[in-house]
Structures are given as C-alpha cells and as structure tokens.
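Please examine the sequence and the model shown here before reading the report.

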Amino acid sequence: MRPPIDIYGISKHYEDIIALKDISFQVNKAEIFGLIGPDGAGKTSMFRILTTLLLPDTGEAYVQGYHIVKDYKKIREIIGYMPGRFSLYQDLSVEENLSLFASIFGTTIEENYELVKEIYSQIEPFKDRRAGQLSGGMKQKLALSCALIHKPEVLFLDEPTTGVDPVSRTEFWGILKNLKAYGITILVSTPYMDEANMCDNIGLIQNGEILSIDTPGKMTQDFDRDIYAIKTKHKHKFLNTLKSYENTYSVFSFGDSIHYIDVRNNVKESELISTFSKMEFPEFNIEKIKPTVEDCFMDLMKQE
Amino acid sequence: MKRFIAFVKKEVFHITRDFRTMLILFGMPVAQILLFGFAITNEIRDANIAILDHSKDHISEKLTNKFLSSGYFKLDSYLQSAEEIETEFKKGKIKLVIVFGKQFGENLNRFQSSELQIIADATDPNTANTLINYTQSIVRDFVASLNPGPPTGIMIIPEVRFRYNQNLKGVFLFVPGLITIILMLVTAMMTSISLTREKELGTMEVLLASPMKPIQIIVAKVIPYIFLAFFISIIVLLLGYFVFGVPIKGNLLLLLFELLLFVLTTLSLGILISTIAKTQLVALMISVMGLLLPTIILSGFIFPIENMPKILQWISNIIPAKWFIIIVKNIMLKGSGIDMVWKETLIILGFAMLFIMMSLKKFNIRIG
C-alpha cells in the first residue's frame, strides 16, 4: 500500500529558473504535512504538480496510489485544492460559490454539510454576500469549504493562512486538526514558521530543495546548539555589532528580539552578559531559550 | 448534466451582474445601428454651392432653379467673377461651383450647344463624385425637357434602375455588416475575455483540478453567449426592419441557421484567442487588432473588396466575415435561398470546423 502522497525525485524548472530539485517525501493517511519555506521556495510548483496541473521534468509521484501524469483524471476526482491566491468567483455570493463547487464535483451542499459545518456555519450569516466583499479570513474559510464540499480524500492547501489575521489563523488550524477525524490527508504550505507546530510532520523547503523532514518536536529537539534571545531597545544597532563580533556563529532578528548562537559550545550566560556589556549596550536582557522551527531553518540555510 | 447546468447558470450570473458587460452587449448594438442608420451615411443633402452666371438670361435662371429645387443643393452665394471661385472654396463652406458661360441661352438656341462648367471640391473625392453625378443627371433631365417630341439623330438614353435597394440607402448595407461585427464582438471578444478572466483570477486552476472536463468547461461557457448573440442579432434585424425599413426578403430560418453557423466560427475563434492570451487585456487586444479591425476593413463592410489591391483581395478570402456578409446580403436583400449561397455556407462551415478543432487541440488540460 502506497501512502496517500508518495513523491520520488520530482524536479521542475521554468526556462532558466530551477523551481524544484529532486524532491522526495511521503505523507501518511490522516496526517497534516506542512511544507514550510519562504516565498519562491517552490511550494506552489510542488502543489501544482501533485494536483496534476503541472508536469514535472523528472520524477514520479502518486496521490492515493494514482500516478500524477497517467491517472490525472482519477486524481482530479478525489482531491480538494485551494490555490495560494483567492480563486473563487468574486461576483457570486457565498452560497452560490459553495453550491457551484458542490455541483462541479457531482454532489450537493446538503449531502456533505456535516464535513463543512464547522467552517461554513461561521460564514453562513453572510451567505448572500458576494465573495469579493468578504474579509480575508472569511474568504479563506469559504475557499476551504469549497475545497471540502465533495469530501476529498486528500486536501491540498497552498498558503491558506497568508494574509489572514492571527485569530482567524489559529481558528483555521483548529479546523484542519478536526478534519483528521474524517481520515482526510492534508498537505499544507505556509511561509510562517510558527505554524509548523500545528503539523504532524514538516518539510523545510528552500530554493527548490527540501532541507529537512521531521516532526516539529523532533526537529527542534535535535538542534544541538545553545540559543540566546536578546531583548534591547537598540535592536538594529546591537544586531549589526553582533554580526561583526568574532565569536558569533549566527545572529538574526526574530520578532522583537535577537537570536544569538555562539561558536563556542557551552559558553556561560554570565560570560556573554559581561562581554556584551562592554559593547556600549548597557540596557539589554539575555536569556537562553528552546530552539524553534525557524531557528532550525536558519541553521539549515547557513549550512547550505 | 447537473454539473453542466450549474456551470451555465454561473456564467449567466457573470454576464448579468457586470454592468459594463451588459452595456457592451446591449447598448453597443443599438447605438451602432442608430449611428450608422442616421448619422453615417453617404447620401448627400443640401450641399452648399455657389453659382457664377456670366449670362444671366432666362435659360440659365431656369437651370439654376432646377438645381436648387432638387434638394441636393443649397445656394450659398452668387459669384461675380472667376477670381472669387478660389477664395470661396478656400473658405471651405461650399462644395461645388456652377459656372454658366457667356450667352448661355442664346448659344443654346442658335448653335444647339452651350458651355456649363462644374467645379467640385475634391478634398473628399467620394462627395465630389456624388455631387458631380447629381448635377449631370439634373442637366440631362433639363436638356430632355428642352427637346420635346421625338429625338433627332441617333440617341441612346440609358434608363437606370437600382435593384434591391432602389433609393441607395446606406443602411441596407450596414445592417448585414453590423450584425457581423456585433456577432464577432459578442462571441469572439466576450468569450475570449471571459475565459482568460478565469485564468487571470486563478479560478481556472481550481476548475482544472476538478473532475470537470475541459470540453465541458468550454461548452458551458459559450452556451449563454450563443443565446445572447442570437438575441442581439434579432434586435438588430428588428431595428433595421422597423426603423429603417431594411427588408428580410429571404427565408428567416435560413438566415438564423447561417447566423448560428457564423456564431460557431467566431466562438471557436474566441476560444482559440483565450488559449494564447494570458490576461484579459491581451485577449482584448488580440480580439480588436487581430479580429475586429481586419473584419471591418477587409470584409467588404465599409470598403468594397473589388477596389482593393490584389493582395488584399486574397487576404480577404480568409476573413470568415466576408463570406457571412455575402450570405446575409443575399438572403436579406435579394431573397436568395440556399441554392444561391451554398458555396459561401460551405466555406464558413469549413472555417468553423478548423477553428473548433484547433481550439480543442490547443486548450490546455494543465496550466502554464
């Protein structure tokens, strides 16, 4: 038995740009697999190849055991796909959009209402409103409803939370978790590293290459260097100074703090404090932290 | 089938909910036919003329009255000398000067011959030609009225009749041409734009990743436009008939059948355009520059094909609209049956098959 998504050595290039380099990974049944990487990493190309919209240059891939090129018609019947940008009809109302997509897949809203109830009930009060006039979060909920209405076996969500407010994002991930109960396999991509913890498995992707595949917990556990978060009022200046500091292994801005790794293993916190204090930054706060997925990503990129 | 109906319904919503689309679809045909019917016409009435009469006798006066009462001319001024002709023309108001020679009436009585000079402003050659024709026929009539009784000597007097359009009304020519242009706009332009819109907005991506077959997507897309094209053509025919008296002498069913055939051709052209164009703007440009413009210029709608250079005449053969205009004119104005237009019909059928095959082959089952 093949896993629901089974990819071997997929490569794709556009003219002189290489979008995907020898990608291989598997996604198990009822699992949420997150493809995580910045814009232009090749996430959308991967989605289009798996949804049979794009032909790979080399490599093989199977969705629910069907070959993505030979059995493309079969695949199109059993998948749900939500492209990266809002791809519904803006001049149709919420309800019209949903019922159109239900008809396209030969079903009705009533038949699979159970599956979309949790999401659709939130936008149902606006069902007569044109899709173009919905807020970002509501648009994504409608798009997910449309991708789910035919009870797909595999769901492909390309950056579903981009441009969505934090509250709706959390809600959205909650919904995805609940879908696992229906046995739906989900491949989702996101540029937000903090969403990695919501996935069962993650693949970090950069410049068309998979850097690492693991569970988010294991990935951060395996990170073997000490990371210090530094908070200061003079973040920008501090960052620049640290970049030219001789013992810096890596330093980058992370939200409102700075993440710093020293080249020396097991360097003492007190030692860092005394060194940095001499660098004309009297006010700062330094603290050893647990690594996040973003730290892993930055480290992998550095190794590349 | 339910899938198909839902899709057609969605397409109807797209059309009816967009104000601009509705305006183009219904406002434009009506505006065009009224414009072409009333304003743009090659019939000339009340052209300003000047008269230089060197003799001022009763015969020259009689002929002058005949000119002015014809309805074609309006007197702007009497000139006093030949020098004034140039200055009057330069003012741009008059189109024609009629010059009577000296002793006009006397010479006519004595020598059976007299001099009349007609000078036209030929900056617009068509108008000048038409005006000269008018004056000549008035003079011919006048001479005939001076010679009552049997004509002396050998004489051939041609009696001219304009069949199928006795009064040479421009609108008779424009209605078939307009139907053609409007069908092209509604079908080719609108379908190519509406298909590329799905590509541009990303909805095509979702449709392709669904069990919907490409042929279903296309057919469902064009069905509302077929009905629209039919409906609009009928509006134009009715306007032509009731407002301008353009007859439909032939079989109406035959005409509608030919309409359908032509719509199929232009629809497949629209689909073909959408397979090339990536954005709506590009689709619009290709439709207008690559389709509409050659159609207007080379189909014989405005410029007679027979007067074109040989190479353009050859090119005009690959314009489906040329053949369609011939068919529509024959059926509407001459009352021809299929026996008279079967050749043109076959040509259009051939175009339709070719374009349908090409667009189905080029329509991408994937993206990019």
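The report below treats the chains, their domains, their contacts and their nonpolar cores.

This is a predicted model, in which local features need pLDDT of at least 70, side-chain atom pairs count only at pLDDT 80 or more, and totals for chains, interfaces and linings use all residues. Residues are numbered from 1 along each chain as its sequence is written, while chains are lettered from A and ligands numbered from 1 in the order in which they are written.

**Overall form of chain B**

Chain B contains 14 helices and four strands; helices (H or I, at least four residues) and strands (E, at least two) are DSSP runs numbered from the N terminus. Its radius of gyration is 28 Å, well over the 21 Å that the globule rule gives for 368 residues, so chain B is more spread out than a compact globule. That radius is taken over C-alpha atoms, and the rule is 2.2 Å times the number of residues to the power 0.38. The C-alpha trace of chain B spans about 95 × 45 × 40 Å along its principal axes. Of the 368 residues of chain B, 34% count as buried. A residue is buried if 20 or more other C-beta atoms, placed from the backbone, lie within 10 Å of its own, exposed if 12 or fewer, and partly exposed in between.

**Domains**

The bounds in the table come from an automatic or database domain assignment.

| Chain | Domain 1 | Domain 2 | Separation of C-alpha centres |
|---|---|---|---|
| Chain A | 5-220 | 224-303 | 36 Å |
| Chain B | 18-40 + 169-362 | 47-146 | 47 Å |

In chain A, ten residues of domain 1 are in contact with nine residues of domain 2, contact being defined by C-beta atoms, placed from the backbone, within 7 Å. Strand E9 (201-206), strand E10 (209-214) and helix H7 (216-221) of chain A each give two or more residues to the domain 1 side. By class, that side has seven nonpolar, three polar and no charged residues. Here Ala, Val, Leu, Ile, Met, Phe, Trp, Tyr, Cys and Pro count as nonpolar, Asp, Glu, Lys and Arg as charged, and the others, Gly among them, as polar.

**Interface between the chains**

Between the chains, 23 residues of chain A are in contact with 21 residues of chain B. On the chain A side, helix H2 (72-78), strand E6 (79-82) and helix H3 (94-104) each supply at least two residues. H3(A) provides the largest share, four residues. The side of chain A that touches chain B divides into twelve nonpolar, five polar and six charged residues.

A nonpolar core is a set of buried Ala, Val, Leu, Ile, Met, Phe, Trp, Tyr and Cys residues joined through C-beta atoms within 7 Å. The largest has 141 residues, and those with the most contacts inside it include Leu50(A), Phe156(A) and Val236(B). Helix H7 (residues 170-200) of chain B gives the most to this core, with 17 residues. A second, separate core of 13 residues includes Ala50(B) and Phe67(B).

Beyond neighbours within four places in sequence, the contacts of Phe156(A) include Phe47(A), Leu50(A) and Leu187(A). Helix H1 (residues 43-50) of chain A has seven of its eight residues buried, so H1(A) is largely enclosed by the rest of the structure. Among the buried residues of H1(A) are Phe47(A) and Leu50(A). Thr52(A), which follows H1(A), has a positive phi, near 65°.

Key. Contact = placed C-beta atoms within 7 Å.
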